[in-house]
Amino acid sequence: MFIQSIIFVVLVVGGTALISWPLGRYMKWAMDPNRGEAGGFPRLFQSIGGATCMQDQNWKRYMVAMLAFNVVMFVVTFGFLALQQALPLNPDGKGALEGSLIFNTAASFTSNTNLQHYSGEVSLSYLSQLGGLMWLQFVSAATGIAALAALARGLAGKPLGNFFVDLQRASFLVLLPVAFVFAILLVLGGVPMTFDGAAVATTLEGVQQIIARGPVAAFVSIKQLGTNGGGFFGPNSTHPLENPSFWTNIIEMVAIILIPMACVWMFGRIIERKRHAMVIFAVMLGFIVVKIAGAVYFESAPTEAFANLPIEQTVGNLEGKELRFGATGGPLWSVLTTSTSNGSVGAMHDSLNPMTGLMPMVGMWLNSTFGGVGVGMINMFLYIVVGVFIAGMMIGRTPEYLGWRVEAREVKFALFALLAHGLFILGGTAIFAATPWGADTLNNVGPHGFSEMLYEFTSASANNGSGFEGLGDGTVPWNIATGIVMLFARFIPIILPLAIVGSLSAKRRSVESSGTLSVESGVFATMLASTIFVIGALTFFPAATLGPIAEHVMFMN
């Protein structure tokens, strides 16, 4: 059993890491081609975008263009959802949605979160799923890739580029072709792809059963690759029509972390520091391996839910698991989906053992162990800025990163973005834990109920979208609060890093010398890992002691 678990983890994580290397090289060509390499694509994208695509933008104009486009994304999706009952591609006659749920869903998919306070097959028409939500799964993910490419160009001393051109590059040259390949693999694996309405089947007992279906393969492909995570069906990737077999399970787990891994290599190639990218990749990989090991180990213990029942447990906690994926599949998926901002689920997180449930929370608290498409590496850049500054102060030298002098202004921006993440999580949890908004929606009391509320705000702030699901979160307060958190938590960690690059670019770049802290060494890797650990522990450890750690101690006693 132990050997099988190791092989399974190595196959998924190690195999994806290998595939990410050539994909990162391709993404560098797609997002930042050298002169003469891009063929006719620049002219094509400029002709599509018109005058808005003709000039490079500084960081402020790039930011404004990004925000303006995202406002349009929100409004269009809000319209699709609000009017779905009167629009076409609604063969099952889906009705109108409640107002706060429309706001929450539009905010969720605009922010690349895909937090779902509804069940897709029950609530949404095909047009809402495809024209509204699946479209956003492409362009919201493309927004993250575009922002990372602009940040990397700025650090390399190049113009930041044009947001609308970058958006088209990420959508048409990266996400669309890769999603097409994965969709074909999923169809071959048995995932449905049809525009017909629900199927009606007669069971062996003679009862008619209505089976929801639709263009599932296309939806699932981009939901995983774009670290979106929103399920076509309510049970998400535990549903047999989203994830029919052991092999589709592997394909989908690979898809979850593939592009976030490749973004690190793309970043390294754009700044022309591949060894630096290797160091960052190693730090990220180290954190994710520790979390996987912890999740698999803690989930090997029997669940306390069966402690007083006449049930024999010999292979750990199988509550809430899909047995066709094996005992390791659930905890592995829970770590991968929360180490990125994916949020799809291959097991019910509410059924995980307490310390296993802590591992997904840690992934979302750190929010940079590969993280979301594009934004995971941007979040890591924030830790790099803080780490470089601390290291410079420790050795008595002016902190520099890639030749750019890091001063108080840049550190303030980085710390504000990192601390805002904690404020959204801890502030929101505190308010809902102390009011009927949260207390009246709990199905569990004590530490586990607190963990459910903590997880919900963690998921919203990390733009993840997964949930403990023991929480009645489909209420107006939950819809509005998490919707606001998702929007602020999406754009603050993108805007401030762009501001940092704008501030650095205004300075004179110095030549690195023997006295400069190397960003390609084990010392830098240790400093970066320590910075991530200390900031994460100081911010979130007290909350962890009130939730999963307290629940674990309670069961031990």
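# Exercises: buried charges and crossing helices

At 1% relative accessibility, glutamate 410 counts as buried (buried means under 20% relative accessible area, exposed over 50%, partly exposed in between, with a 1.4 Å probe and protein chains only). Keep this residue in mind for the first exercise.

This is a predicted model, where local features need pLDDT of at least 70 and side-chain atom pairs count only at pLDDT 80 or more, while totals for chains, interfaces and linings use all residues. Residues are numbered from 1 along each chain as its sequence is written, and side-chain values use heavy atoms, leaving out hydrogens and water.

**Exercise 1.** Decide whether lysine 321 and glutamate 299 are buried or exposed, and say what their pairing ties together.

*Solution.* Step 1: the closest N and O atoms of this salt bridge are 2.6 Å apart. Step 2: both residues lie in the loop between H10 and H11, so the pair ties together parts 22 residues apart in sequence. Step 3: lysine 321 is buried at 12% relative accessible area, and glutamate 299 is buried at 4%.

**Exercise 2.** Describe how helices H10 and H11 cross, and sort the residues of their contact.

*Solution.* Step 1: two packed helices are described by the angle and the distance between their axes. Step 2: the axes of H10 (residues 274-298) and H11 (residues 329-339) come within 8 Å and cross at roughly 145 degrees. These axes are lines fitted to C-alpha atoms over the stretch in contact, with angles from 0 to 180 degrees between N-to-C directions. Step 3: the contact (heavy atoms within 4.5 Å) includes Ile288 and Lys291 of H10 and Pro331 and Ser339 of H11. Step 4: its residues divide into eight nonpolar, one polar and one charged. Step 5: the crossing is right-handed, meaning that the near helix is turned clockwise from the far one by less than a right angle.

Methods
Helices (H or I, at least four residues) and strands (E, at least two) are DSSP runs, numbered from the N terminus. Ala, Val, Leu, Ile, Met, Phe, Trp, Tyr, Cys and Pro count as nonpolar, Asp, Glu, Lys and Arg as charged, and the others, Gly among them, as polar. A salt bridge is a side-chain nitrogen of Lys or Arg within 4 Å of a carboxyl oxygen of Asp or Glu.
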